[in-house]
Amino acid sequence: MRLLITGGRGLLGKEIAAAFCDRAEVRSTDLEELDVTNPAACRREVDGFRPDMVIHCAAWTAVDRAESEPERTRLLNVEGTRNVARACRERGALMVTFGTDYIFDGTSSRPYREEDAANPLSVYGKTKWAAELALREEGGDHLLVRTQWMFGPAGRNFIRTILEKARRGETLRVASDQVGCPTFSRDLAAAVRNLLGAGARGTVHFSSVGETTWFGLARHVLERCGLPAALLSPAQTRDLPYPAPRPAYGVLSKEKYRAITGVSPRPWEEAVGEYLEMIESEGGTR
Ligand SMILES: NC(=O)c1ccc[n+]([C@@H]2O[C@H](COP(=O)([O-])OP(=O)(O)OC[C@H]3O[C@@H](n4cnc5c(N)ncnc54)[C@H](OP(=O)(O)O)[C@@H]3O)[C@@H](O)[C@H]2O)c1
């Protein structure tokens, strides 16, 4: 099996490469090797490497910066996805890519199911929804996994930022009115393997099990690391200086994932615990 990865140096791309290296000939690319906004480059890459599958991780993920740079966000998220999807369809390769809970408006009173109506609030959410539509419009063989609140060893993430600030003794105001579920990039990569092993296609949600707020996650992390929770205070999203609107509730239902794979995701506390042990053993946030 030949696997091409886009956005391979990102948070998820690195884990995908690690998760598939024992079962595929993997070519991992990032912006320097393959700019997905260039349709000819996408076609050339797929023609040249002839992958059986492309796992498309490249995306604009700076949610707040997207508000002031909507065109650059659209180009990468929508046109990038369309270009990869078209190249895959033309060459008969399976395309796997990723979506977000930010396509929902957060008014649901139960976990979002795959078929629930999208109503994105932010530029990032709108472009990710348009990317989904472009993917389906292309009509090739595909699997789209929606996820949320990702953390992992590659690059920056909320947990690492909170730890670094707390270790510097900074006080932290964190949103206590957004509900979601943290997801370890390593668990998501394993979930993609499970889904592909079960022959999944179409749209499937995946995150850890359980739910919390950003404030709840921050408090949990500080407590586990023996840092003073007094540094933390809960805040309302509207009082925080973030330009992008976010869904107040974005929990994703894992029912379909469970039904397809027979596997139940682990609780977020366990996944966060493993990640904290990993970065502690590397001295990562000192
Ligand atoms: N992170 C989350 O919490 C989260 C939540 C829900 C869904 N997702 C989705 O999961 C997927 C993976 O996200 P992630 O967090 O791993 O993203 P990420 O860490 O931002 O990685 C994206 C990678 O794509 C690269 N890239 C930028 N422009 C490119 C271009 N024109 N061509 C090719 N590569 C380019 C980036 O390089 P630079 O770093 O140099 O820009 C980066 O290495 C995305 O579809 C994202 O929307 C993420």
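In this predicted model, E132 pairs up with R146 in a salt bridge, with 2.7 Å between the closest N and O atoms. E132 sits in helix α5 (residues 123-138) and R146 in strand β5 (residues 142-147), so the contact ties together parts that are 14 residues apart in sequence.

The structure as a whole holds 29 salt bridges. The general idea is simple enough: side chains of opposite charge can pair when their charged atoms come close.

Another pair worth a look is D47 with R91, whose side chains meet in a salt bridge at 2.3 Å, N to O. This one links distant parts of the chain, with D47 in helix α2 (residues 39-49) and R91 in helix α4 (residues 70-91), 44 residues apart. D47 counts as partly exposed, its relative accessibility being 32%.

Then there is D22, which forms a salt bridge with R23; here the closest N and O atoms are 3.5 Å apart, and that falls within the 4 Å cut-off for a salt bridge. D22 is exposed, because its relative accessible area of 57% is over the 50% limit. R23, at 41%, is partly exposed.

Technical notes
Residues numbered from 1 in each chain as written. Predicted model: local features only at pLDDT ≥ 70, side-chain atom pairs only at ≥ 80, totals over all residues. Heavy atoms only, no water. Buried < 20%, exposed > 50% of the residue type's maximum accessible area, 1.4 Å probe, protein only. Helix = DSSP H or I, 4+ residues; strand = E, 2+ residues; numbered from the N terminus.
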